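Me: I would like to learn how to read a structure that is new to me. Could we go through it together, one feature at a time?

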Amino acid sequence: MNKVIRYLALNIKRAVKFLPAMLLFTLISGGCAILLLSAMLSSDSIEKQNLKIGVVGDIGETFLNVGVETVQKFDSSRYYVSFLDFSTEEKAIDELKKGNLEGYVVIPEGFTDSLSTDEVKHISYVSANTPDSITPMLTKELVNIISEFVLESRKGISAVQYAADIYGVETDSYDLHMTYINSVLSRDSASQTKETGIGNGLGFSTYCLISFLIILMLLWGIVSGAFAIKEDMALPRVMKARGINEASQIFGEYISFVMITVINLAIVLLALSFSSFALSHEAIETPMVAFITAIKLLPCVCLIASMQIFIYELCRNRVSAFLAQLLCSLTLCYICGCFYPLNSLPSIFRTLAPFLPCGLAFDYAAEVFLDEVNIFSLAALTVYSLAFLIVCIGCRKHRMGRDKI
Amino acid sequence: MYIEIKNINKSFGKTKILENICLNAESGSCIAILGENGSGKSTLFSVLCGLLKGEGEFLCNGRDLMKEKKLRSKLVGFVPQEPPLIPELTAKDNLMLWYDKKELEKELDCGVLKMLGIHEFYKTEVRKMSGGMKKRLAIGCAVSHKPHILLLDEPTSALDLLCKEKIAQYLADFKKGGGITVLSTHDIGELDACDEIYILKNSRLFAYDKIRDTKSLIGCLKNE
């Protein structure tokens with residue numbers, strides 16, 4: 001037992017040597033994240049993020065034009081839509097191929113007139129072959145809105161016009177249309193946007209903060225790779241010969257790895273508690289609370305560290321370990337919604353994420369930030385961490401028996 | 001004290017690495033095992049240390065060290081080819097894994113660590129050390145529990161003469177103190193200090209006593 005404690009103490013000493021590199025990395029990645037956020041929230045980039053939909057066909061007709069214009073100005077939030085006119089379908093196809101359009105709609109000739117007859121012509125929508133993600137879905141919805149909006153408003157106006165004719169009231173169809181639009185769909189009251197949050201009830205900034213922390217935890221594992229990788233098994237073998245078995249060795253390495261990550265996490269949260277982020281997050285409102293939050297996030301750190309120790313145990317050299325960690329980290333971050341909110345990703349990701357280590361860690365971190373920690377999440381994290389460590393011990397046993405001495 | 005190694009067998013899959021390996025040694029003796037690269041010397045040490053499972057017996061005063069793990073870790077010191085050290089830490093830190101603080105100070109002042117010259121690079125990080133320093137430090141770590149049996153896998157390979165001299169001095173002292181040394185080597189000069197020489201070839205161990213010149217040894221390695 002004495003030797004195990006000594007091994008743990010030496011590993012902690014060793015881990016501390018990686019602290020400056022990890023902090024420097026945090027500083028650089030934090031700077032990059034701030035730049036990225038600023039770029040995302042700046043007005044210029046919002047313009048660039050608009051959904052651009054091409055319109056091929058005649059929108060010169062008053063009613064159709066008003067419909068399209070209304071949809072275009074429907075929502076003043078960042079989900080802004082631009083409709084671009086194209087004289088021919090070929091030009092729209094060219095732009096679509098260049099990636100300048102999300103898709104385009106083709107309005108058949110005499111579309112509006114056909115609405116007042118039995119033979120309704122249909123608007124067709126053409127999009128690039130993209131996966132079932134938020135952009136094409138949103139675009140399809142918008143196209144439906146245009147068709148429905150124009151169709152229904154036209155029907156309503158026709159009905160009013162028909163009634164006016166019966167009762168001998170003189171009407172101007174344009175005025176009727178505008179009155180209809182103003183009374184039914186005045187722009188200010190046409191839509192009311194309520195944001196319920198991005199998955200788990202998180203606000204946008206909390207989501208960004210948690211994502212940043214999870215990504216950092218994963219990347220710290222890469223920065224401190226030299227700490228965890230075992231390129232030669234001489235020391236583990238001698239330790240085993242001297243009575244320090246595989247479980248004790250992994251214990252010593254794991255605890256120190258967790259410790260160094262928690263220290264880094266605490267430093268980041270403490271730094272954030274002095275920033276403007278602290279104003280909108282109770283979990284980091286003061287340095288003391290931020291420190292407690294870092295402690296509360298210990299199960300997340302334990303899970304991610306156990307996963308990383310496991311990956312390092314599988315790899316025989318630094319290059320393969322680095323690549324394996326990077327690939328795993330990026331894939332897990334993407335699937336579990338650290339790069340994009342989970343509800344904007346395909347449903348298969350939403351199904352998988354809660355069962356993956358990164359997804360579990362994200363959910364638990366969200367619970368910590370919302371102050372709604374669930375005992376089952378905690379249990380899941382613990383079970384997952386233990387499972388990784390047990391497999392890790394098995395791997396080390398296997399390597400000791402196989403690798404050349 | 002005496003040791004008996006009886007019928008050690010070890011295979012990897014269908015390949016036999018060690019076949020009926022037997023040898024005996026008494027207190028204060030030094031045994032050298034020679035063999036080509038890949039002949040199974042390191043595997044033999046690993047089996048004796050319990051790092052690899054093998055068949056047979058490793059008896060010390062009649063007690064089987066293959067079965068009595070605690071006794072084995074108490075009696076046996078092992079130095080593998082690659083020094084088992086933590087590269088980011090200093091010599092002192094590495095020694096702290098195996099020595100108590102007081103014990104360490106004592107050994108550095110006038111004990112085995114001084115004899116090995118470790119006090120000269122006590123505060124140097126392992127990654128900045130030469131091969132010889134690492135080897136001496138590895139031996140220093142291996143003998144912290146004062147073992148009676150020392151297994152050394154190529155202890156002086158690629159070392160300069162001064163380092164070899166320091167290690168040879170220590171081994172002579174260990175031998176004088178009644179310890180049993182089993183070492184593998186490719187170094188003819190090292191054989192002078194050995195009482196018995198064995199050659200491991202074709203998975204078997206052959207005893208070759210009193211052969212000292214290079215030519216006859218090479219002949220034995222080729223022909224046996």
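This is a predicted model: local features need pLDDT of at least 70, side-chain atom pairs count only at pLDDT 80 or more; totals for chains, interfaces and linings use all residues.

Me: Which residues is B:Cys30 in contact with, leaving aside its neighbours within four places in sequence?

Reply: Look for partners that come from elsewhere in the chain. B:Cys30 is in contact with B:Leu171, B:Lys175, B:Thr181, B:Ala193, B:Cys194 and B:Asp195. For a sense of scale, B:Val112 is 82 residues from B:Cys30 in sequence, and their C-alpha atoms are 18 Å apart.

Me: How many bridges join β3(B) to β9(B)?

Reply: There are 4 bridges between β3(B) and strand β9 (residues 196–201) of chain B, and the two run parallel. One pair to find is B:Ala32 with its bridge partner B:Ile197 in β9(B).

Me: What is the strand order in the open sheet of 4 strands?

Reply: In chain B the order is β2-β1-β4-β5, with antiparallel pairing. Its edge strands are β2 (15–26) and β5 (63–64) of chain B. Strand β1 (residues 2–12) and strand β4 (residues 55–60) of chain B are joined by 5 bridges, and B:Asn9 has B:Glu55 as its bridge partner in β4(B). Helix α1 (residues 41–49) of chain B lies across β1, β2 and β4 of chain B, at about 65 degrees to β2(B).

Me: Which residues touch the most other members of the largest nonpolar core?

Reply: In soluble globular proteins, nonpolar side chains tend to be buried together. Here the largest core has 70 residues, and B:Leu44, B:Cys49, B:Phe78, B:Ile139 and B:Leu151 touch the most other members. Helix α6 (residues 131–142) of chain B gives the largest share, 6 residues. Among the residues that B:Leu151 touches are B:Phe45, B:Leu48 and B:Val182. A second, separate core of 64 residues includes A:Leu209 and A:Met307.

Me: At roughly what angle do the axes of α16(A) and α17(A) cross?

Reply: For a helix pair, check the distance, the angle and the residues that meet. The axes of α16 (residues 298–314) and α17 (residues 318–335) of chain A come within 9 Å and cross at roughly 140 degrees. The crossing is right-handed. A:Gln308, A:Ile311 and A:Tyr312 of α16(A) meet A:Ala321, A:Ala324, A:Gln325 and A:Cys328 of α17(A). This contact has 5 nonpolar, 2 polar and no charged residues.

Me: How many residues does the contact take from each of chain A and chain B?

Reply: Count each side separately. Chain A gives 18 residues and chain B gives 19 residues. On the side of chain A, the largest share, 6 residues, comes from α12(A). By class, that side has 8 nonpolar, 2 polar and 8 charged residues.

Note on methods. Residues are numbered from 1 along each chain as its sequence is written. Chains are lettered from A and ligands numbered from 1 in the order in which they are written. Two residues are in contact if their C-beta atoms, placed from the backbone, lie within 7 Å. Two strands pair if DSSP finds at least two bridges between them. Axes are lines fitted to C-alpha atoms, for helices over the stretch in contact, and angles run from 0 to 180 degrees between N-to-C directions. A crossing is left-handed if the near helix is turned anticlockwise from the far one by less than a right angle, and right-handed if clockwise. Ala, Val, Leu, Ile, Met, Phe, Trp, Tyr, Cys and Pro count as nonpolar, Asp, Glu, Lys and Arg as charged, and the others, Gly among them, as polar. A nonpolar core is a set of buried Ala, Val, Leu, Ile, Met, Phe, Trp, Tyr and Cys residues joined through C-beta atoms within 7 Å. A residue is buried if 20 or more other C-beta atoms lie within 10 Å of its own, exposed if 12 or fewer, and partly exposed in between; C-beta atoms are placed from the backbone.
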